[in-house]
Amino acid sequence: WYRKMSLRARHSNMAKPVLYSYFRSSCSYRVRIALNLKGIDYEYRPIHLARDGGQQHSEEYAAINPSKLVPFLLIDDHGLAQSVPIIEYLDETRPTPALLPRDDPYKRAVVRRIAGAIASDIQPIQNLRVLQHVGDEKKMEWGHYWVERGFDGVEAILREEAGTYCVGEEITLADLCLIPQVANARRFKVDLTKFPIISRIDETLAKHEAFRAAHPFRQPDCPEDLRIQ
């Protein structure tokens, strides 16, 4: 009770939502895209996952998010964690544009299938905590293997379901999960020519302002040598 009231007290004094994020975090990237698509102005508070032993482990941040992970969003007097639940909350409270199909249960299931294949099956086994455990010598090989293997399955689903975007002609939660994972694929030097539908969707959405603005190399905490316009 005390912690929840403390979060609400902190947020009640804030003029706009606050996103705790790390520029390279693909989970944070998903939420940044969603906030942009929904037209929500927010404050960006960086949590560097590698500096000082990982700022997510600080007492100050652990008091906000005991899971010690990013993203974490303060909005509507609530503190929200985990990217997919955050995005679903935003979609339910700010329904335009819809990120889950409203009138087609099958399409909704396909969107969640693709999102789950990425957010549950691929990303967690190549995230920072796992890579630190694997070690520097093996982390590139490890990340490459799991992203490539996961993309085999995603590409197969997209062959059946994709239109302009992952599921038909509207941007959905599936796209918000896919594009950050493509960024991870590039980081692990995955040959994206093996995945023509994924590559096409990525190329299309790279031109969309909500996705452009959310790009890791355009974030306030991105190092200068990586920053792009």
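The model is predicted, so local features need pLDDT of at least 70 and side-chain atom pairs pLDDT 80 or more, while totals for chains, interfaces and linings use all residues. Residues are numbered from 1 along each chain as its sequence is written, and side-chain values use heavy atoms, without hydrogens and water.

Let's stay with K68 for a moment. Its phi is positive, about 60°, although K68 is not a glycine, and it sits in the loop between α3 (59-64) and β3 (72-75). Helices (H or I, at least four residues) and strands (E, at least two) are DSSP runs numbered from the N terminus. That loop also holds P71, whose peptide bond from V70 is cis with omega near 5°. For context, most residues other than glycine have a negative phi, and most peptide bonds are trans.

Now for the chain as a whole. It contains 10 helices and 4 strands, in the order α-β-α-β-α-β-β-α-α-α-α-α-α-α from the N terminus. The radius of gyration is 17 Å, close to the 17 Å from the globule rule for 229 residues, so the chain is as compact as a globular protein of that length (taken over C-alpha atoms; the rule is 2.2 Å times the number of residues to the power 0.38). Of the 229 residues, 48% are buried.

Helix α8 (173-187) deserves a visit. Its 15 residues reach 22 Å from first to last C-alpha, close to the expected 21 Å (1.5 Å times one less than the number of residues). Because 12 of those 15 residues are buried, α8 is largely enclosed by the rest of the structure. Its cover includes α2, α4, α5, α7 (139-161), α9 and α10. Just after α8 comes K189 with a positive phi of about 60°; K189 is exposed, with a relative accessible area of 63%.

Finally, the pockets. On a 1 Å grid over the protein atoms alone, a pocket is an open set of points where a 1.4 Å probe fits, with protein on both sides within 12 Å along at least five of seven lines; lining residues have an atom within 4 Å of a point. Points are joined across faces, edges and corners, and the volume is the space filled by probe spheres set on them. Ala, Val, Leu, Ile, Met, Phe, Trp, Tyr, Cys and Pro count as nonpolar, Asp, Glu, Lys and Arg as charged, and the others, Gly among them, as polar.

| Pocket | Volume | Lining | Classes |
|---|---|---|---|
| Largest pocket | about 810 Å³ | 40 residues | 16 nonpolar, 15 polar, 9 charged |
| Second largest pocket | about 340 Å³ | 19 residues | 10 nonpolar, 3 polar, 6 charged |

In the largest pocket, S25, C27, Q123, N127 and L128 lie nearest the centre, and α5 supplies the largest share of the lining, 5 residues. In the second largest pocket, Y29, A183, R186, H215 and P216 are closest to the centre. Here α8 gives the most, with 7 residues.

How values were computed:
Buried < 20%, exposed > 50% of the residue type's maximum accessible area, 1.4 Å probe, protein only. Contact = heavy atoms within 4.5 Å.
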